[in-house]
Every structure is written in structure tokens, then in C-alpha cells.
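Me: I would like to go through this model and test its labels one by one. Please set each value against its definition.

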Amino acid sequence: MSKFHKAVTASVVAALTAFGVAACGGDTGDSASSGGGTGGGDVNVTMTSFPDYVDPQLSYTVEGWETLYNVYTPLLTYKHAKGEDGTKVVPGLAEAMPTVSPDGKTYKLKLRSNMKYSDGTPIKASDFTYAIQRLFKANSGGSVFYETIAGAKEYAGGTANTISGIVTDDATGDITITLTEPNGTFDSILGLTFAAPVPPSTPLDKDATNNPPPSSGPFMISNVQAPQTMTLERNPNFKTVKDAGATEVADANVDKITITQNKSNTAQVTDIEQNRVDYMSDPPDADRLAEVKSRFADRFRMEESINTYYFWMNNQKAPFNDLRVRQAVNYAIDPEALNRVFGGRLHPSQQILPPGMPGYQEFKLYPGQDMNKAKQLIAEANPADRDITVWTDDEPDRKRIGEYYHDVLSQLGFNATLKVISGDVYWATIGNQSTPDLDTGFGDWFQDFPHPDDFFRPLLNGASILPTNGNNYSRANYPELDAKMNELRTKQLEDPGVKDQYAALDKAYMEQAAWAPYGNEQYTTFLSERMDFDKSYRHLLFSQDFSSFAIK
Amino acid sequence: MLRFVARRLTGMIAVLFAISVIVFLIFNVIPNSNPAIRIAGKNANPELIARVSADLGLDQPLWVQYLTLMKKIFTGTLTSYASAQNVTDQIWRGLPATLSLTIGAAVLWMVLAVVFGYLSAIHSGRFTDRALTILSLVGISMPVFWLAAILLYFFTFKVQLFPTSSYVPLTTDPLRWASHLILPWLTLAVLYVGFYSRVLRSNMLDVMNEDYVRTARAKGLPERQVRIRHVLRNSMIPIVTLFGLDFGAVVGGGAILTETVFNINGVGLYAGRAIGSLDLPPLVGVTIFGAFFIVFFNTVVDILYAFLDPRIRLGEAAAA
Amino acid sequence: MAAPFSEVEVADEPPLPTGVPLATIQGRSPWYLAGLRLRRNKVALAFGGLFIVIVLLCLAAPLWADHVAHTTPDANHITDTIDVGGTQVDIVSPDGTPIGPGLRGQYLLGADQNGRDVMVRLLYGGRTSLFIGVVSAAITTIVAVVVGLLCGYYRGWIDAILSRVMDVVWAFPVLLLGIALGTALAVGGLSLGFTTLAGDSVWIPILIIGLVYVPYMARPIRGEVLALREKEFVEAAVAQGKGSVRIMITELLPNVVSTIIVFFTLNIANDMLLESALSFLGAGVRPPSASWGTMIADGYQTIYTAPHLTIIPGLMIVLTVLSLNVFGDGLRDALDPRAKIRLEH
């Protein structure tokens, strides 16, 4: 060939070689780690959906709680232990468990002294009141739990300027909470991130995601770029919390955690396999699960999780306001099929409470898929309005579930339209009353605390139909069942017969077919090679405990 | 020259104004739903929605609404429905990644396009030409995101040559910056190489029949010099114009597909995420940004181009 | 009427003396000549044939679905089994793995994770993608021809305004404009006065894609009409007293037909690529409907374990678009060997 051709060929080859060399360099992992040892290093985490809010009073998704558990410490907290042990409530920022009056309506706590937030502001008792006020003024989905505080309803309604039921003394750190009635869940809800004190510089009625309040836990949030990335770093003032005697609040074992969103579950799995990312928040997708189980067994395990997956149906709007239509859906769906969509990680179940939740008793109102019965019920009901909108989010398995459900509804004779919404706004979208066409769609609920009220109240109580951030997507409103729910809450779980009555409540809601539940999902932990696999554990309530992250 | 520049600039401003009107129509007028619901944000309740409706002046005449939107965009106060973040900030943040992707791909596709187009033209009709033409046609027939997925599969999984995804800033680590971008560069380049090499080929074939080329040969210049100095150089001129259009288009949002597949946090991915959240402000922001960038970039190219063309540089009359 | 780019002039023969045998000289129309040239281009014909085969296959989708695969494109068969060589095999195994491709009528290309028949979805998806591509190309063509004729013939302020509008639409990155429109219309649909299109109607992507490409076709047509307008036959028609519209339709239009045909063909290719991109991003065809773009988006989730789910629909797009491009090129060479028509990208 001519000299020119040779020159061209040579330069092309040189360019490709240069690119090749550049490619092969620097591929040993994404984090600039500071070596082994028991403390230190930077960890990379990926999630398919970014937290809904980076705000302790507002966040109510699995991703949100996973991130915030070790950033904001409430007066009480949950033990940093795995399994059922982790559902025990222990003192957090408060010196000790609350002293409860004999009538069960007054709770007294004392804030530990000389504690500071990550920005140096002192932590005050009145910050707890401020946090509870935010729950109501910022329209938090968690506010439903705290309405039994005396004066809360008036404050929320705007007729009072403060919550009369909370009295604090910043000088002594005393906090006295008065309830309108005894509440067997109150210790548990004091331990939720909803009740974490925040300084009054935090906006009272607005989402603080872009500028989160300073932290009271082992990690602080140093950077948020929702919905792409956020960074947690060691809280320099966490020492003040530890020194004040908060032994149950675990310390950090790494210096920095960088959280990035990645919509592709399969790319995340590959990244962990190739040690570019240290932890992924979601379980590997069905098609990669077998491979991960077999080839990476030394850094992968299945984990227990207490949750229920279901389809919510709008009980107040046609066509799902007809009991027969709702029952038809329960007969039409096939929990085994949905299990396969999850890659075999779903335990089929068609009731509200999941196994592992106190009050769970297995019953089988629906014996498995029976399309004929379902069609028969639809024929009887003969709904006039057959145009429905089916909602789901864009995480890969949720999308497939949505398509399956769409097919089932089409077979039942509905004219269904599927709407796939991004995971970081899905819950806020379906929880917002103003969103049009909320007929039915994908739902899941993970245990917040080990008490059945956690499932019934936010998801099925008529008073939980909130204008925004509501979790009662089914708009279920059954006054007799609500009354029973409220009555049961005044008792303690260990009282005789309470658990049985909760089981009966479960059955009652399924007789109303308020939902179409189909199973309980098993979770997983999958870590990169350099992480200390044994140390890191999955908390039953807060997903992976970031304070248990350590580099080998 | 100055009159030319002035004319082009006024033209540009007129087009930019028209673009802003169209964007306003797309997002505020055509849709069948109440924008206030979306604008009020994730946490909105009916009172907030009513307040926002009044705020936005949805009861005001259209031209007032238009001005409000424009004010928001240009004072950089346009905020996303879903994350309450400033759209302008997010676009700035995504720009380095998008520019890295586009400039790298552009260098690659221009170099390859010139090589392939040149070879095709001088071997016109023969095997090299036919082979390269087929490759080019296949290249422009591929969906970019499909090619991206295929490359991802073969070169990050089957053969673990490159990292799967995300972007490492140049300032953090140049080698890793490049290694994360090689596959995206290749993906974007394949599409344009095909097109540009064919345009260059047909331009060169046209130019080769021109008189001045025949004169150059008659003068006794070696064939290679004729080809490069006269034919290639003059064939490049329309390519430059096209390049201006395409470069602008890619930065202005055409990179969205590549960025989505490779999870590169650029302007394109920012827009792509907004689709799933039905979040309109980022799309408004990116669309306006994209269109403005294209128009601005093209005006600059036109002016530079005119500057290089002595007919315009030396006098308006000569250009008429 | 004589066409401006005719290759062969039909000359009037002077009367020959009688008694001499006449060899008849046949006049050949430019279309006939173009057809000859096209027929000589074997490659273009082959690809044109390929396109027809693909279209026929996709049109036959219901036949395949009913008689061979016995299912529909959206039907989930997650817990069903099929008979493979005597044994019952799960379509989707208990751990979520779908059955792979195999030589059989049902699930020829295997199943996806929802237990749907990939071959059936591929054919129906092809129907959707081809339908969107052809119809939007038709819309683009009609609008572009009207605009081009009006601009080129009337010139003046009509041209000034329409050209400016074209310039503005041209300035938008095509993909982004499509996404913007697709998302904005997703929530409430589009009300067109006489009817309302639902947010997930297939006509929304069709309209969007159709309108977005109008400037790409209108400009060249306008250019040609401008040039044609100066020709004598137009002057003659005006002198004869023909109305403007008649002139545009009977004089100008036939002379741009070859341009239109070539652009139309190449436009279908571009439209199919744009549709697949929009569907992949979620702003085009909505799930669970099948189109080649949505199938690639679905397949992408399992690209590492079932690459065929991503590769096959993409390959169909490549083959279809490639055959349109090659055939379109061949058409262009045949209709206008002097390569005056250049499709602007």
C-alpha cells in the first residue's frame, strides 16, 4: 500500500493502542480506600431508587430509612442487632426508657446532657417537640402514629400554636408527653426516625431534602444531589452523643459512604461482582440470582425480611368500590406466578400481616388462582366503568409485576392502562390525593416496628387517608374495623387475646378484600470482596445497618 | 462583515424567541392537565395547589404566563417538581460529563469519518469503497442505545475490558475518566462516522471533477498532494457546517440515549430521569438549553465560516 | 409535458420517403429509464425485497399468534408449561428463568420473564413500529410537500414566515423535542378539538415523530420548487391563466415526485429509529405494548443472562432500517443519477 495508507493505518493503530492502554489502567476499584483496619475507608453504595426524602420527619421508604437510621438519632432507638433482637427499643438520645404513668397516658423521659449536632448546635429537649410539629406541618406520612399525643390534632388543624401534650425543659432535659389514651405502640414509635429531634433552623413545613438538618448519629450528610447521589461522612460531633452515655447507638466504622442511584439492577450486580461497588440496596434481579448464589456465596446471603407485597385497589371509586370486583382480583392473581417474577424469593400469602409479625396467623380465604371464579364474580358485579389505570414503579421487577397485573385485569375484561413512574417519586405520586386516576397498582410495606398496628394503621385506617404522603392507597375506610384497631392499640401486645384479635382483624380486612396481597419477599445481602462480610448485617427494620459497614 | 454578523445575530435572537414560545406551548398550553398539581411538588395538598395556581397566574392571559416562565428560566429559578432543585444548577452540574462524552466522540468520529470517506472516494467503485459503504450504512441503521447495550454486554461482561458504568470526572483521575468513556465514545461515534464518511465521499467525488483539480494535476502535482491539498480540503467545508449542527444536537440532548445506558450523569441523563418522574421543569430546562446551544453554536460556526470565506470578509457586495 | 431532468429527448421524426422500412424509435419516459437503472442495481433490489419480507412477516403476526404460537403478545404465562420433546417444561422456572429459544412453534425465540412469547411480541412489535414509521413518514411527507410548495411558489412573506417556523423546529434536537412532547402529553393526553387522544395512544408518538421531521423534508422540496418555478413551462402555465393551486398540483408537484419518493423511503427509516429511541426511554409506545424499542428496553434488564432478548429486536430494527436506507439510496441513484437530491441529516 502507498505511504499515505501506511501512515493512516499506523496512526489508527496507535490511537487504538493508546485508548487500550488508557482503558487498562486504573481499574482496581472505585473507592480511594485508606487501607484495612477496624476503622476508616470509603464505601460505595448503589440503589435503584433514591430515597424519597432526605428528611427524617418525611422519609418513609426502605431506601430513605436505610440511609437515615445512622444519621438521625431519636430519643429512643432500635438495637443495632440482627433478627428479632434488632426490634428491641433501647435508649437513644434519652437517658433511659420512659417512665410510664399507671394509666398509661403519661411518658417521662430525660434528654442526655451536653450533646451537639454535627454542626455544633447543642441538642435541646425542645428540638423533640419541633420534630413532632414538623410531622404535622410538613404533611408527613408518619404523622398518623403520633396523633394520640394530646393536642396534636389541634396543632395539626391550626387551632393551636403548640402541641399541648408535649412539655419540655431545655435546662434539665426533661420531656413529658401526655397521650389522649393508652398506646401500646408508643415506645416503638418514639424509636422511629420520625421522632428524631432536629434544630429549629430546619424548615417547619417544607421538605429539607436539599439542605438536610444537622445530624445526631455516627454519620452526617455532607452532600445531597437528589436523585443522583448523596454522601455520608463521619459526624465529628458524634463523640458528644457517645460521651453522654448513648451506648446503644453504634459508631461508624468507615469514613465515608457515597450513595449513587443506578436504574439498572443488572449493572449494579455486575459492579459488585467486579468489586467496583461495595453494596447494593436491592436484591439482585431474578435472572442474576442463581449466578450470584453459586459463584459468590462467600459474600452473598439471603436475609429475613418482614414485609407484604400487594396490589392496592381504590375502595372508594368505581369499579373497585364493589366488593365482588375486589374479591375477583384476589381470585384472579396467582401468587406463585408473582413469586417467579421475583426469582423465587417470594413466599406466597394472601393476607395483610406477614409471617414474623406478631398477630400473624395463617388462614386461606383464597385458595390460589381461580380465574373462573374471578370471571364469575365480575360478571355478577358487571361494573359499568371498565377503564382503569394501573400504577407501578420503574424498578425492573416492579415493572414486570405491573405488566403481569395489567394482563390479569385485561383478562377480567377491564380496559387497563399501565403507568410506570420513577421509583423515587412513585409513593409520593400515588399517595397524593390530587393525582388523577388512582385506581389500582403496586404496593409493598415493610415492617416499621414489630407491632401489627404498623401495618393496619397507616395502610388501612380511614383516618390515614391523607391529602399527601398518605399510605392508605386503597382509601380503605371501614369504621367498625377502625374502631377495633383503635381499641386494640390501647392495650399491650402481651395482654391476653390481643394477638388473636389482631389476627381476626387481618381476616376481617381480607373478607372486605381491601387489598390483593400476594406474598412476602426475602431479601439479600451482597457485598464486594473488600467488605467485612460477617460484620455487616441487615437490620429487620432499617435494612443494611451502615454502622456495620467495615472494610476487611 | 459587520453587517453580516449583525444580521446573523438578530436572526439568532428571533429564532431563540420563537423556540421559547414553542417550549412554553408544549409544556404549559398543550397538555390536558392542570400544571399546578405538578408544580406544587410531591408534598402538595389542595390548599397548596390553589396557592400555586394563583401564584402561577393560571387564570392570567397566556402572554403573562409566558413571561412568568421566561423569567423563571432566565433568572435560574426554575425548580423541579420532584426534587425541588434548581434546574439550572443541575444542568451546569451535568455539563462536564456531557461535554466529555461529546467532545471525545466527536474527535473519534471526525478522524474516522475523514479516513473512511477519503479511502472510499479514492477507491470509488472498488472493493474498499463497497465495504466501507456497507459499514457506513450499517452504522447509521443501528439504534444508538442498542449498540450501547451490545457493547456493554461484550466488553464489560463477556470480556471484562471496561467498567460498566458511571462517569469519573477528568479532574479525579484522567485514566479512569477515559476508560469509563471509551465505550460511550465508540457508541456515539459509530452513528456519525457512517453518515459523515458518506457525505465526505460524495463531496470528494464531486470536487474531483472540478476544473481546478484538473489544473493541479496538469501542473504535475503528485496525486496524493492533489487529493489532500485540493480535494480533501475543499470537501471538508460542508462537513464543518454539518458538524456544527450535530455537535450542538448531541450536547443539547442527543446524548441522552448513550448516557442512559452507560449511567453517565450528564445533561441527557438528567432529562431522561425526568421522563420517569413526569417531571416537566427539567425537560423544559434541558429543551431550552439544547435548542439554544444548537442555535448559538451554529451562529458562531456560521460567523467563523463567513470570516474564513474571503468573499464575505472582504465585502458584502462580493457575496451577493 | 417535458420533465426538466429527462435524459432522452423525444425528437420529432421528419417524414421518411415511403418504401423504406421504418425502425420504430420508441420514446422512453424518464420513469421507465429510472426503473431500468433500478433493476440493474441488484443490491438495492435485494434490500428492497428484504424490507417487503419483513413487512409481510409482521403483517402475518396474527396468523402466527393464532395458529402457531397459540397466544397473544401481552398474555403472561408465568406458571404454564409447554410440551418439549415429551416432557412438560416450565415456561418460567420457579427461580424466574424463562425458557430459551428452540425449534418449535410455541416460544420459537423463547419467553421473556413474564412468560410472554418473544416471537409473537417481535412480530406484533414490528407491526407497531412499522405502522408508526410509515404513518408518521406519510404525515411528514404531506405536510412537507404542502409547506415546500407554498414556500417555493409564493415566496414573499409566506415563505418568510414558514421558513422561519421550519428553522425554529429544526433548531430543536429531534430526540429532545420528541421526549418533551411525549412526556408533556403523557399525563392528560392531547385534546384535538374534535377528539381527545389518551396519554398512551399510539397516535401521540405518530404525530410527534411526523411533525418533528417536517423541516428536514420541507427545505429540500422548497429548494427544488424555487428552482423549478423559474422554468419556462411554469411561465407558460401562468400565461395560460392557470390558477396557482392548479399550477402547484399539475406542474410543480409531478416534478418533485422523485424527490418525495426518495425522502419518504429514507424518512421511514429515520422515523423507526426515533420511535425505538422514544419507546426505549419511555416517552413513545407505552408498556406493556410491544414495539421493537420497548422490547429492547425490557431485554436490557436481563442483558447479561439473556442477551438474545435485547439483540433480536435490535437486529430487526437494523435490518429494516438498513434495507430502507440501501433501497432508498438505490432509488435516488435511479431517479436522479446526477445526485441532486441530498437528504439532509
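Predicted model: local features only at pLDDT ≥ 70, side-chain atom pairs only at ≥ 80, totals over all residues.

Reply: Residues are numbered from 1 along each chain as its sequence is written, and chains are lettered from A and ligands numbered from 1 in the order in which they are written.

Me: Why is A:Asn139 called buried?

Reply: A residue is buried if 20 or more other C-beta atoms lie within 10 Å of its own, exposed if 12 or fewer, and partly exposed in between, with C-beta atoms placed from the backbone. A:Asn139 has 26 C-beta neighbours inside 10 Å, so it counts as buried. A:Asn139 sits in the loop between helix H3 (126-137) and helix H4 (152-157) of chain A. Helices (H or I, at least four residues) and strands (E, at least two) are DSSP runs, numbered from the N terminus.

Me: What makes the phi of A:Asn139 worth a remark?

Reply: Most residues other than glycine have a negative phi. A:Asn139 is not a glycine, yet its phi is positive, about 60°.

Me: How do you know that the length of helix H4 (residues 118-154) of chain C agrees with expectation?

Reply: The expected span is 1.5 Å times one less than the number of residues. The 37 residues of H4(C) should therefore span 54 Å, and the end C-alpha atoms are 52 Å apart, which agrees. H4(C) is mostly covered, with 27 of its 37 residues buried. Just after H4(C), C:Arg155 takes a positive phi of about 50°.

Me: What makes strand E8 (219-225) of chain A an edge strand?

Reply: The open sheet has the order E8-E9-E10-E1-E11 (chain A), with mixed pairing. E8(A) and strand E11 (279-280) of chain A each pair on one side only, and are the edge strands. Six bridges join E8(A) to strand E9 (residues 229-234) of chain A, and the two run antiparallel. The loop between E8 and E9 of chain A holds A:Pro227. The peptide bond from A:Ala226 to A:Pro227 is cis, with omega near -5°.

Me: What makes the largest nonpolar core a core?

Reply: A nonpolar core is a set of buried Ala, Val, Leu, Ile, Met, Phe, Trp, Tyr and Cys residues joined through C-beta atoms within 7 Å. The largest has 330 residues, and B:Trp109 is among those with the most contacts inside it. Contact means that two C-beta atoms, placed from the backbone, lie within 7 Å. Not counting residues up to four places away in sequence, B:Trp109 touches B:Ala189, B:Tyr192, B:Val193 and B:Tyr196.

Conventions. Pairing = 2+ DSSP bridges.
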